[in-house]
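This report walks through one protein model. Keep the sequence and the structure open while reading.

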Amino acid sequence: TDHVPCARGAHLLHLGFFKGPSSRVLSRCRRAAECQLIVVTGGVYVATVDTARGRERIRAEAGDVVFWPSATEDTDESEPDQPLCCINIFFLWPHPPADLPFVVHDTEHVIDLLTHRLLAAVHDPAGRTALDDEADAYLAAILAEFASLAKAVEDPMLARVAEYTERN
C-alpha cells in the first residue's frame, strides 16, 4: 500500500498476551522511547491522556487497536465487568506520522491476523525464532494497516457514523 513507507525504521521489541484484572485498578503508564500497540481481542480498554486538545478519554473494545506513541503518559482503568484481553506490541518507531489517532477499528481484521502471525513467528513452538527482518516486516504491515484505517476515518463525524453502523 502507499502507507508502507510511513512504517520504515520500526523495530519490534517484544509482544505478548495480556489479561486485565477483574477488579477496578488504575495504572499510570509512561512510555520512554518505545511505542505500543494494543490489539483488543476482548473486554474493554479505557485510558485517559492529556493532549494539546485537553484531557481525552480513550475507549476500545474487541476489534479496536490502540496506538500509543513514544513519550506518552496515560492512565489505564480496568473495567471489572469486562476485563481487557489483548495483545501488546512494543516497538521502536523513530518517525511515526504525527497525525495518527489513538484508536482505529480493525474493520477487516487484518491487524488481528497479522498480529497472530507475528506471534506465531516470534514464538515458534519448533524452537525457531523469527529473524529481526521477518518480525519487523510483520510490524511494518501492521503499522501500514493502522495508518490506512486512520486515513479512512479522518472525519470525526464519519468515524462516529461508521462506528455506530458497525456496532448496531
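The protein chain has 3 helices and 9 strands. Both kinds of element are DSSP runs, numbered from the N terminus: helices are H or I with at least four residues, strands are E with at least two. Along the sequence the order is β-β-β-β-β-β-β-β-β-α-α-α. The model is predicted: local features need pLDDT of at least 70, side-chain atom pairs count only at pLDDT 80 or more, and totals for chains, interfaces and linings use all residues. Residues are numbered from 1 along each chain as its sequence is written, and side-chain values use heavy atoms, with hydrogens and water left out.

**The whole chain**

Of the 168 residues, 39% count as buried. Buried means under 20% relative accessible area, exposed means over 50%, and partly exposed lies in between (1.4 Å probe, protein chains only). The accessible surface of the chain comes to about 9,400 Å². Carbon and sulfur atoms hold 55% of that surface. These areas come from the Shrake-Rupley method with a 1.4 Å probe; for residues, only the protein chains shown count as cover.

Contact means heavy atoms within 4.5 Å. Take the contacts between residues at least 6 apart in sequence: 82% of them join residues at least 24 apart.

**The helix pair H1 and H2**

Two packed helices are described by the angle between their axes and the distance between the axes. Helix H1 spans residues 110–122 and helix H2 spans residues 132–152. Their axes come within 10 Å and cross at roughly 170°. Axes here are lines fitted to C-alpha atoms, for helices over the stretch in contact, and angles run from 0 to 180 degrees between N-to-C directions. H1 and H2 are therefore roughly antiparallel to each other, a label for angles over 145 degrees.

Which residues in H1 meet H2? They are Val110, Ile111, Leu114, Thr115, Arg117, Leu118, Ala121 and Val122. On the H2 side, the partners are Glu134, Ala135, Tyr138, Ala141, Ile142, Glu145, Phe146 and Leu149. The residues of this contact divide into 12 nonpolar, 1 polar and 3 charged. Ala, Val, Leu, Ile, Met, Phe, Trp, Tyr, Cys and Pro count as nonpolar; Asp, Glu, Lys and Arg count as charged; the others, Gly among them, count as polar.

Val49 sits in strand S4 (residues 44–51). At 3% relative accessibility, Val49 is buried. Not counting residues up to four places away in sequence, Val49 touches Gly54, Arg55, Glu56, Ile58, Trp68, Thr72, Glu73, Asp74 and Phe102. Glu73 is 24 residues from Val49 along the chain, yet their C-alpha atoms are separated by 6.6 Å.

Lys19 belongs to strand S1 (residues 11–19). Its relative accessibility is 58%, so Lys19 counts as exposed. With residues up to four places away again left out, Lys19 touches Pro83, Leu84 and Cys85. Lys19 and Ile87 are 68 residues apart in sequence and 8.9 Å apart in space, C-alpha to C-alpha.

**Two loop residues with positive phi**

Ala71 and His109 each show a positive phi in a residue other than glycine. Ala71 lies in the loop between strand S6 (64–68) and strand S7 (73–77). His109 is in the loop between strand S9 (103–105) and H1.

| Residue | Phi | Relative accessibility |
|---|---|---|
| Ala71 | near 65° | 61%, exposed |
| His109 | near 60° | 47%, partly exposed |

Note on methods. Parallel < 35°, antiparallel > 145°, perpendicular 65-115°, else oblique.
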